[in-house]
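The structure is shown below.

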Amino acid sequence: MYLFNKLVIFFLPLIPKFIVRMVSKRYVAGPVLEDGIRVVKELNSKGICATMDVLGESVKKLEECEESIQEYFKVLDRIHEDQLDCNISVKLTQLGLLIDKEQCYQNIKRIVEKADKMKIFVRIDMEDSSVTDDTIDIFLRLHKKYKRTGIVLQAYLRRSLNDLKKLSKQKINFRLCKGIYIEPRSIAFKDPAIINYNFALLMDVAFKAGCYVGIATHDEKVVWHGLQLIHQYKLKRDEYEFQMLLGVDEELRDILVASGHRLRVYVPFGKRWYAYCVRRLRENPKIALYVIKAMFGLR
Ligand code: FDA
């Protein structure tokens, strides 16, 4: 795996942009808002809800944040006008978290205020562990006033159980995922089986506490645990949801929808699609393996 990772990182800059676009088409709606809206409408017509993400992260200058804020405003307007079954997902480093935490809070607050007026939910994505504390702080400040906000917890982080215990007092709405960033063993579980156990444990604690969980995974073993807990706690359809990334395991997605579960697909779009794809692959070359397997219909 080490060698494979090194090879992916080495060859990445040599792959022509049009090939990256061809492969990423399945996972990224396209470069402009209309692409995202088209994909969301297609999903909605199949009874699947969505969350839209304007691609971008880790901005280096505060002036760059305004562009993302304006793009999110346009997304909110379209969701509202077209009555889409869709919310939005936002990364705080796209809104300046790495430069000025207070300014980042003011930026996300503008988006949340507008969304709240339109009764649209805002999910704050979770990024790497260097920003976990700040992301939770900002979420808690927002959540005091705006209840249509949620956060993400990562099952691979050793700290997540403690974070959940704190957050669950407010019966929060959170997305639970495994976690995508490469983290040191001191703070993140490395064994895939332990990550799955922790995922199941976190779901259990959350459901017991009355939280709404967005079960974000394509791993059928984790989905099974989720279904088992939904059954055990006799949860109604509107007390949880499954979430999946655009273009990943549509067969499992359709099975869940046909069984009557609410399912939300994460729809990224935006002109920064290339930087996003390259960065994701650099950070976690394992994704390249998933993409290659999916291209050849392997699981
Ligand atoms: P696992 O990694 O075991 O994958 C199971 C199978 O799914 C793979 O074998 C492969 O076939 C397929 N697969 C998974 N990911 C794929 C991909 N990217 N491309 C192609 N095939 C793929 N992470 C994070 O740190 N912060 C966040 O805010 C979010 N947000 C988020 C939203 C939603 C809706 C989802 C589904 C996921 C995230 N993630 C995330 C990513 C998450 O942490 C995790 O990295 C991926 O979901 C992969 O983990 P699985 O649970 O699917 O298991």
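Predicted model: local features only at pLDDT ≥ 70, side-chain atom pairs only at ≥ 80, totals over all residues.

For Lys178, a polar side-chain atom lies 2.9 Å from a ligand oxygen atom. The side chain of Gln154 likewise places an N or O atom 2.9 Å from an oxygen atom of the ligand.

On its own, the ligand has 920 Å² of accessible area, of which the protein covers 87%.

## The shell around the ligand

Two or more residues of the shell come from each of the elements β4 (149-154), β5 (173-177), β7 (240-245) and α12 (286-295). The shell holds 23 residues, and those that come nearest to the ligand are Met126, Gly179, Thr217, His218 and Tyr290. By residue class, the shell comprises 13 nonpolar, 5 polar and 5 charged residues.

## The barrel

The 8 strands form a closed barrel with parallel pairing, in the order β1-β2-β3-β4-β5-β6-β7-β8. From one strand to the next, the twist averages 30°.

The pairing of β2 (residues 86-90) with β3 (residues 122-124) is parallel and has 3 bridges. Within this pair, Ile88 has Val122 of β3 as its bridge partner.

## Helices on the sheet

Helix α3 (residues 33-45) packs on the sheet, where it touches β1 (49-54), β2 and β8 (263-269). The direction of α3 makes about 165° with that of β1. Helix α4 (residues 63-81) also lies across β1, β2 and β8, and α4 runs at about 165° to β2.

Note on methods: Residues numbered from 1 in each chain as written. Heavy atoms only, no water. Near = heavy atom within 4 Å. Polar contact = N/O pair within 3.5 Å; in protein donor to acceptor, adjacent residues only side chain to side chain. Areas by Shrake-Rupley, 256 points an atom, 1.4 Å probe, with all protein chains shown as cover. Helix = DSSP H or I, 4+ residues; strand = E, 2+ residues; numbered from the N terminus. Nonpolar A, V, L, I, M, F, W, Y, C, P; charged D, E, K, R; others polar. Pairing = 2+ DSSP bridges. Axes fitted to C-alpha atoms, helices over the stretch in contact; angles between N-to-C directions. Contact = heavy atoms within 4.5 Å.
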